[in-house]
Amino acid sequence: MHAQIGSLDVSYGVNGIRVLHTDGTVGTVRKILPLADGSYYQVTQLDQNHVAAVKYTAAGTIDVGYGSAGQSASIPILLSSAVTQQDGKLIFVGITTELHSDLHHDVMIARLTTSG
């Protein structure tokens with residue numbers, strides 16, 4: 001038996017739904033990226049031109065072993081998207097105006113290690 005297109009995957013979370021807890025005090029949540037082991041990244045907008053990742057354990061607590069107390073370095077990027085690679089590394093894609101005084105809109109790709 002196959003699930004219908006658009007049906008919830010009951011093998012994920014509870015009846016296909018998993019609630020991921022985030023920390024809004026760190027910044028504005030832009031994206032949540034679940035990992036295969038149940039942990040997840042919260043991509044956070046720190047200010048107008050900077051984003052960072054906060055990593056959570058499968059239990060939903062901040063993974064203090066990641067980066068500095070669970071948060072990656074601040075990345076100067078106007079974020080368009082973020083994805084994880086199969087090895088758990090996080091990739092940010094966007095443009096940057098901060099790195100150039102003449103306001104270029106160059107494409108920027110930043111990759112974070114699995115340790116933040």
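Biologist: Which is His 50, buried or exposed?

Modeller: Start with the cut-offs. Buried means under 20% relative accessible area, exposed means over 50%, and partly exposed is in between (1.4 Å probe, protein chains only). His 50 has a relative accessible area of 16%, so it counts as buried. A word on the source: this is a predicted model, where local features need pLDDT of at least 70, side-chain atom pairs count only at pLDDT 80 or more, and totals for chains, interfaces and linings use all residues. Residues are numbered from 1 along each chain as its sequence is written, and side-chain values use heavy atoms, with hydrogens and water left out.

Biologist: What does the side chain of His 50 make a polar contact with?

Modeller: A polar contact is a pair of N or O atoms within 3.5 Å. Within protein, one atom must be able to donate a hydrogen and the other to accept it; residues adjacent in sequence count only if both atoms are side-chain atoms. Here the partner is the side chain of Asp 47, at 2.9 Å. His 50 itself belongs to strand 3, residues 50-56.

Biologist: How many helices and strands does the protein have?

Modeller: Both are DSSP runs, numbered from the N terminus: helices are H or I with at least four residues, strands are E with at least two. This protein has 0 helices and 7 strands. Along the sequence the pattern reads β-β-β-β-β-β-β. Of its 116 residues, 33% are buried.

Biologist: What is the order of the strands in the open sheet?

Modeller: Strands of a sheet pair through backbone hydrogen bonds, either parallel or antiparallel. The working rule is that two strands pair if DSSP finds at least two bridges between them. The open sheet here has 4 strands in the order 1-2-3-4, with antiparallel pairing. Strand 1 and strand 4 (75-76) are the edge strands, each pairing on one side only.

Biologist: How many bridges join strand 1 to strand 2?

Modeller: There are 6, and the two strands run antiparallel. For one partner pair, take Leu 33, bridged to Tyr 41 in strand 2. Strand 1 and strand 2 form a hairpin with 5 residues between them, and Gly 38 in the turn has a positive phi of about 95°.

Biologist: And how many join strand 3 to strand 4?

Modeller: 2 bridges, again with antiparallel strands. Look for Val 51, which stands opposite Ile 75 in strand 4. In the loop between strand 3 and strand 4 you will find Ala 69. Ala 69 is not a glycine, yet it has a positive phi of about 55°. Ala 69 is exposed, with a relative accessible area of 58%.

Biologist: Which residue takes a positive phi in the hairpin of strand 5 and strand 6?

Modeller: Gly 88, with a phi near 90°; this hairpin has 5 residues between the strands. Strand 5 (residues 78-84) and strand 6 (residues 90-96) run antiparallel and are joined by 6 bridges. Ser 81 has Val 93 in strand 6 as its bridge partner.

Biologist: How many aromatic pairs does the structure hold?

Modeller: A pair of aromatic rings is described by the distance of the centres and the angle of the planes. Rings of Phe, Tyr and Trp (its six-membered ring) pair if their centres lie within 6.5 Å; planes under 30 degrees apart count as stacked, over 60 as edge-to-face and the rest as tilted. The structure holds 2 such pairs. One of them, Tyr 40 with Tyr 56, is stacked: 5.0 Å centre to centre, 10° between the planes. That pair links distant parts of the chain, with Tyr 40 in strand 2 (residues 40-47) and Tyr 56 in strand 3, 16 residues apart. Both tyrosines, Tyr 40 and Tyr 56, are buried.

Biologist: Which side chains meet in a salt bridge?

Modeller: The rule asks for a side-chain nitrogen of Lys or Arg within 4 Å of a carboxyl oxygen of Asp or Glu. A search of the whole structure finds 1 salt bridge. Asp 63 and Lys 55 form it, at 3.9 Å, N to O. Lys 55 is buried, with a relative accessible area of 13%, whereas Asp 63 is partly exposed, at 23%.
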